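Trainee: Can you walk me through this one? I'm new to reading structures.
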Amino acid sequence: MKFHVWFGALLLMTLAGAAACRKNAESAKADPLLSAYDTEADWNDAQHVVPLSFQQAQGKRIFYQQCVWCHADSTPAGPSNRSNLTPVPPLLNDRATLNAESDEYMQNIVALGGTAMGKSAMMPPYGRMLSAEEIRSVVAFTRAIAQPPYQPPARAESQYSAK
Amino acid sequence: MGKLTNRTRLVLAVSSVMFLAVLAISPFKDFRREWKQYKHSYLRFAQTRPDTKKLVADYRPDIDQIWLPGMNVVDRCTTCHYGITQASLADQSVPQPFRAHPPIPHNVRDWGCTICHRGQGPATEVAEAHKSTLAWEQPILPTRFIQASCGTCHYADLPQTPQLTRGRALLAGLNCQGCHRLPGVERPAMLAPDLTNVGTKVSREWIYKWLKEPRTIVDKDGNVTVNGYEAEDEPRMPKFRLTETELRGLSAYLSVQKAKAFVSYKLDARVVAAWTKNPELASQGELRFRQMFCSTCHSLAVTRAGETKLIGGDIGPELTKVGSKVNPDWLITWLRDPQGYLPHTRMPRYGWSDEDLFKVTRYIATKLTDPDLLTGVPQLGQPREDEIQLGRRLFLEKGCASCHVIEGLNPQKDFGPDLSAIGGKNTSELEFGASKIPHNLVSYIQAKLQDPASVNPAARMPQYNWNQPDLDAITTALLSMKGAPPTSALQNLVVPRKEVDFHPTGAFEEVYERYKCYSCHKFNGYGGDLAPDLTYEGSRAQRQWIVDFLKNPQTLRPTVVLRMPQFNMSGRDAATLADYMTMVLQHPAANPTAVDAKQFTLAMVALGKQLYEVKYQCQSCHTIGGTGGYVGPNLSNAGDWLTPAWIEAWLRNPQALVPDTIEPRRNFTADEVRALTAYLTTLRQSIKPQKTASTTAKHAATQGAGR
């Protein structure tokens, strides 16, 4: 009887010791804004700041150089060209319109222009000016600023979490 | 040998078991090693993915490391961050540490991790790798400063790193290089106004007030005001913590700086008397002030619909209250010849008529005033000798002399610490004093920037206030300064800053210097970015158009504030500039003989018009006549403005002429290019000049052909 107690106690101690060795790697959730490469204020709600990855941040830069003139209502230079266009282009955070389109369609309309996709010629083609990676990044930025965010149609949602 | 008692047996049995158990701890501990857990975890994770095979193809159960001997890199991070190069693990739903690295221009396997992220590459425990500064000196760099790492090799500015670029611009713009050594930030010929003659310009009371509260202030929340008006300028003059005695001393010393006898520009008294009778004098002066587009560089407070806003550029100082600041005699002399007072000023020397000069001076001295400017300033009286002596000593001790020149006064060299290696400093090298801030480099830099006295009560550094993005940007720029790369392999990676310079000579140089064209325009990479880049202006614009524009740079868009000033240029000056541009400022890809405008036929013009309006709908961005967009320049006068060779080359490949133009490159056929060129060369506008060369704002400057 006594032996069992001894032995049990010993085993517990060893296990406890071993378990204590395994330091608890902190798994505190990092603030997504602090670990973002860049940020963009939500166009509809300036208080809400959207974190951007490197790729989305590149898209943001290209958007503000190339697309902002027609796809936003105010531009770095002041007024927007959007109202001069027929059809009036969708705002780039217009999730009602753009979340319905696949990434592939979005990349195509940017690369090939409106005419090639059966849309208005007022949407110019960027395929000879922007690289495929740059076009992907603009689309990624579009997805980031559409609020609530775009959900790809069939993403293998993984419930798995490390450890 | 006696028989063992049961008791002894038991003791022996227990100790053997104990011994075995203790022996087992070590393999067990080894098995339970943190990184091994992650490895197992990765295998289990891979099983849940559709592409398991690919994910575990190269899997090995031991430590994985990236070893790059030339760059001092031994990074074991990929032991746990195993999926870092697996494209299929890019999604945010993939748990860390297995997520793929987001796409960046460098391949992780070729560079390792610590070059950009810092931290301890050889460590195999989570805490040691990321956080510890006990045995190791550098914790992981928080992601929001990651652009600092780009800057350790890329001394040249990158489009991908806006935060770093902003930080570097702040370092230069706030004159940090006045006191600190900063790599890549050159000292310009004039950091801050030369004060050798400041006593001829302003009163002692004004100096007192300025020192107490500089015009441009950033409050605790980072909001900037100039003279009390909201603005976006950066204050170049920081706020020093000065006592009443110090203020009196410095203002006394500065107000007696009148080294050069001041020769005021005298107008004929009889003529002046006649002008003075004109009741409209000041308002006519205001009109000239507007017509000359002083507001392209200087802002003024304007009240519209009950709201007061500063309108105008920020190349020169804000002028709303300048009439109460400067001595009117000084003003007229300054306007006529700014370089006579400040040899390095960027203020252009206008071609004034005496009458205009008088009117504009009157306007400034009587209308741009504020009777309350000096309220609250005590009557200081004549400076006493002891005050002057104190002021002189303070001027040197406080570091004023690091930015401001006073002839005959020798400032202390390297007034503040050398910052060329600040970004690579180890925690043990930093003085935290009695402060309670966390002991790491980032916290140190930010504490120092926000309140210099927090880490060192005796700090001489003046007080700056920042908004969070600017604080982070300047921290990023400082973190990027890690000194000379430690190994030659790293040295070879450095992408140097491009030396940009433009050294014109002869008659052009004289006119170019007089009007300070480079304050707003770029020439071969050198100059400002307020207005169009003129490096290839000679290829782009027709000579006659340039001459007309320079003589009368009016535009058709009166609402725009920032515009080419009216310099009152003589025909000779305009011809000198236009001749030089057409001869020298040429682009090799726009060959003037390649296009013969005489061969254009009416059919080509008609086809071009059709392509413009229907097939390509260029009107979405360009205006002709009254219709179209304004992303690109107005083309109503393209036939008189642009050279056919430029139009043709531009249509073929705009980026070949102006690499960062936003005009998208199209797939035009050769016939289409010709037809469009033919059409555009027919566009003329009878009213001259037209609006093409105006800019809507700073950012529009980089847009394209005519902006």
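Mentor: We'll take chain A briefly, then some spots in chain B.
Mentor: This is a predicted model: local features need pLDDT of at least 70, side-chain atom pairs count only at pLDDT 80 or more, and totals for chains, interfaces and linings use all residues. Residues are numbered from 1 along each chain as its sequence is written, chains are lettered from A and ligands numbered from 1 in the order in which they are written, and side-chain values use heavy atoms, leaving out hydrogens and water.

Trainee: What does the secondary structure of chain A come to?
Mentor: Chain A has 5 helices and 2 strands. From the N terminus on, the order is α-β-β-α-α-α-α. Helices (H or I, at least four residues) and strands (E, at least two) are DSSP runs, numbered from the N terminus.

Trainee: And how much of chain A counts as buried?
Mentor: 41% of its 163 residues. Buried means under 20% relative accessible area, exposed over 50%, and partly exposed in between (1.4 Å probe, protein chains only).

Trainee: Now chain B. Where is T161(B)?
Mentor: T161(B) sits in the loop between α7 (147-153) and α8 (162-173) of chain B.

Trainee: Buried or exposed?
Mentor: T161(B) is buried, because its relative accessible area is 1%. Apart from neighbours within four places in sequence, T161(B) is in contact (heavy atoms within 4.5 Å) with Y37(A), Q147(B) and C150(B).

Trainee: What about P183(B), where is that found?
Mentor: In the loop between α8 and α9 (204-212) of chain B. P183(B) has a relative accessible area of 39%, so it is partly exposed. Leaving aside neighbours within four places in sequence, P183(B) is in contact with S420(B) and M481(B).

Trainee: At what angle do α8(B) and α19(B) cross?
Mentor: Roughly 90 degrees, and their axes come within 7 Å. So α8(B) and α19(B) are roughly perpendicular to each other. The cut-offs: under 35 degrees is roughly parallel, over 145 roughly antiparallel, 65 to 115 roughly perpendicular, and the rest oblique.

Trainee: Which residues meet there?
Mentor: Among them, L164(B), R166(B) and L170(B) in α8(B), and D470(B), I474(B) and L478(B) in α19(B). The contact of α8(B) with α19(B) divides into 7 nonpolar, 3 polar and 4 charged residues. Ala, Val, Leu, Ile, Met, Phe, Trp, Tyr, Cys and Pro count as nonpolar, Asp, Glu, Lys and Arg as charged, and the others, Gly among them, as polar.

Trainee: At what angle do α18(B) and α19(B) pack?
Mentor: Helix α18 (residues 441-450) and helix α19 (residues 468-479) of chain B pack at about 125 degrees, with their axes 10 Å apart. That makes α18(B) oblique to α19(B). The contact includes L441(B), I445(B) and L449(B) of α18(B) and L471(B), T475(B) and L479(B) of α19(B). By class, the contact of α18(B) with α19(B) has 8 nonpolar, 3 polar and 1 charged residues.

Trainee: Switching to sheets. In what order do the 3 strands of the open sheet run?
Mentor: The order is β3-β4-β5 in chain B, with antiparallel pairing. The edge strands are β3 (216-218) and β5 (229-231), each pairing on one side only. Two strands pair if DSSP finds at least two bridges between them.

Trainee: How many bridges join β3(B) to β4?
Mentor: 3 bridges join β3(B) to strand β4 (residues 224-226) of chain B. T216(B) stands opposite V226(B) in β4(B).

Technical notes:
Axes fitted to C-alpha atoms, helices over the stretch in contact; angles between N-to-C directions.
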